[in-house]
Amino acid sequence: MLAARRAVGERIRIARVHAGLSQEKLAERAGMDRQAIGRIELGHASPLLDNLVRIADALGVPLADLVR
């Protein structure tokens with residue numbers, strides 16, 4: 001599971017950088033805190049489905065792109 005969690009976090013980071021957003025700005029758009037975004041991107045935390053949907057919406061990407 002750790003590898004999958006890290007892969008999702010890496011996809012989120014790549015999408016965030018591609019969108020030109022900082023962790024703080026993404027967190028603001030997703031209604032989360034910056035530390036949570038950081039933990040998810042590093043694979044240190046498993047995001048809830050609700051948070052994944054919020055992140056995908058904030059990034060303007062389909063949820064499937066983050067979890068494939």
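Me: Which elements do the buried residues of α4 pack against?

Reply: First, the ground rules. This is a predicted model, where local features need pLDDT of at least 70, side-chain atom pairs count only at pLDDT 80 or more, and totals for chains, interfaces and linings use all residues. Residues are numbered from 1 along each chain as its sequence is written, and side-chain values use heavy atoms, without hydrogens and water. Helices are DSSP runs (H or I, at least four residues), numbered from the N terminus. The buried residues of α4 pack against α1, α2, α3 and α5 (63-67). Buried means under 20% relative accessible area, exposed over 50%, partly exposed in between (1.4 Å probe, protein chains only).

Me: Which residues of α4 are buried?

Reply: An α-helix has 3.6 residues a turn, so residues three or four places apart point the same way. In α4, the buried ones are Asn-51, Leu-52, Ile-55, Ala-56, Ala-58 and Leu-59. They cover an arc of only 165° around the axis, so they sit on the same side of α4. The arc is taken from the directions from the helix axis to the C-beta atoms.

Me: Which exposed residues does the face turned away carry?

Reply: Leu-49, Asp-50 and Asp-57.

Definitions and conventions: Helix = DSSP H or I, 4+ residues; strand = E, 2+ residues; numbered from the N terminus. Contact = heavy atoms within 4.5 Å.
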